[in-house]
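Morning, everyone. I have one model to walk through today. Let me put it on the screen.

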Amino acid sequence: MRSMEPPKVARWMLSHFGCSPNNATVIGDLDERYRIGHSPAWYWRQVATAIVVGFFKEIWSHKLRALIAVLTGWIVLLAAFVRTTNYPWAYLSFSSVTGSIAVCAISAWLVARISGSHFSKSPVRPVLSSTGRSMAP
Amino acid sequence: MAHDARNKPPSATKRDQLGNFELMVILVLIRLGDNAYGVPISEELGKRTGRDVATGSVYAALERLEDKGFVTSELGEATPERGGRAKKYFHVTARGLKEVRETQRALTKLWQGLPELLGGKA
């Protein structure tokens, strides 16, 4: 029989990685709908969508900061690559470029989070507080 | 290509226009009246469109509508089935209603005289 309690890990993920200003309300809505009769798979799908939608919305609303973070991350990666290999042009291969863009996009998201109103709630605060404060305007 | 400013529709900037999904959400808000919070909004949208609508996407649209001044919100009661979290009720503003009417007018004009769309065959 299906538990009436929504998947705890999914809920934890949404409460920590969801960027919407209505995050608590979204969790409440999902819990209510889950108890009406939706499946755990449905709950997980909803959580994944909410995190992804919030991620892109956050990046979009902090375009300049995100761009700076992506460029900074990319330059750091490029510098590290140039220092550690004899073939720096390999950095420009498709997989390297897409991989580094993904890493930089995530770093952009973190920068946007720690420099915005979410900072006080962010799980990465203890790790990034010093660098975040120096990067935030 | 040069655009004539006189050909612009009366309704403000592009940023203030309603997107497709935003229009659907605002129509559901009008339909639900005072009971418009996340759960009925998502379910009504799903029922009317025949698709499972993600709650996260609904809130993203509601936040955009609120930014544009087409919708206001207020916190409601918290219930045990929501894990003690408060509901958030959404209401369409006079500006939002005006924008819906203008969008309807524009779409109706675009719809008229298109034989391809008559008869219901794809």
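Let's begin where the chains meet. In this predicted model, 20 residues of chain A are in contact with 16 residues of chain B. Which elements of chain A give two or more residues to that side? They are helix H2, residues 23-36, and helix H3. H2(A) supplies the largest share, with 11 residues.

Now chain A as a whole. Its secondary structure comes to 6 helices and 0 strands. Reading along the sequence, you get α-α-α-α-α-α. Chain A has 137 residues, and 25% of them count as buried. Next, the contacts inside chain A. Take those between residues at least 6 apart in sequence: 65% of them join residues at least 24 apart.

On to one helix pair. Two packed helices are described by the angle between their axes and the distance between the axes. Here the pair is H1, residues 8-17, and H3, residues 40-61, both in chain A. The angle is about 10 degrees. The axes lie 10 Å apart. Angles under 35 degrees count as roughly parallel, so H1(A) and H3(A) are roughly parallel to each other. Their crossing is left-handed.

Who makes the contact? From H1(A), we have Ala10(A), Met13(A), Leu14(A) and Phe17(A). From H3(A), we have Tyr43(A), Trp44(A), Val47(A), Ala50(A) and Ile51(A). How do these residues divide by type? The count is 9 nonpolar, no polar and no charged.

Last stop, a single residue. Ser107(A) sits in helix H5, residues 94-115 of chain A. Is Ser107(A) buried or partly exposed? Ser107(A) has 19 other C-beta atoms within 10 Å. Buried takes 20 or more, so Ser107(A) is partly exposed.

What does Ser107(A) touch, leaving out residues up to four places away in sequence? The answer is Ala69(A) and Gly73(A). Ala69(A) is 38 residues from Ser107(A) along the chain, yet their C-alpha atoms are separated by 6.6 Å.

That's my tour. Over to you for questions.

Notes:
Residues are numbered from 1 along each chain as its sequence is written. Chains are lettered from A and ligands numbered from 1 in the order in which they are written. This is a predicted model: local features need pLDDT of at least 70, side-chain atom pairs count only at pLDDT 80 or more; totals for chains, interfaces and linings use all residues. Axes are lines fitted to C-alpha atoms, for helices over the stretch in contact, and angles run from 0 to 180 degrees between N-to-C directions. Helices (H or I, at least four residues) and strands (E, at least two) are DSSP runs, numbered from the N terminus. Angles under 35 degrees count as roughly parallel, over 145 as roughly antiparallel, 65 to 115 as roughly perpendicular and the rest as oblique. A crossing is left-handed if the near helix is turned anticlockwise from the far one by less than a right angle, and right-handed if clockwise. Two residues are in contact if their C-beta atoms, placed from the backbone, lie within 7 Å. Ala, Val, Leu, Ile, Met, Phe, Trp, Tyr, Cys and Pro count as nonpolar, Asp, Glu, Lys and Arg as charged, and the others, Gly among them, as polar. A residue is buried if 20 or more other C-beta atoms lie within 10 Å of its own, exposed if 12 or fewer, and partly exposed in between; C-beta atoms are placed from the backbone.
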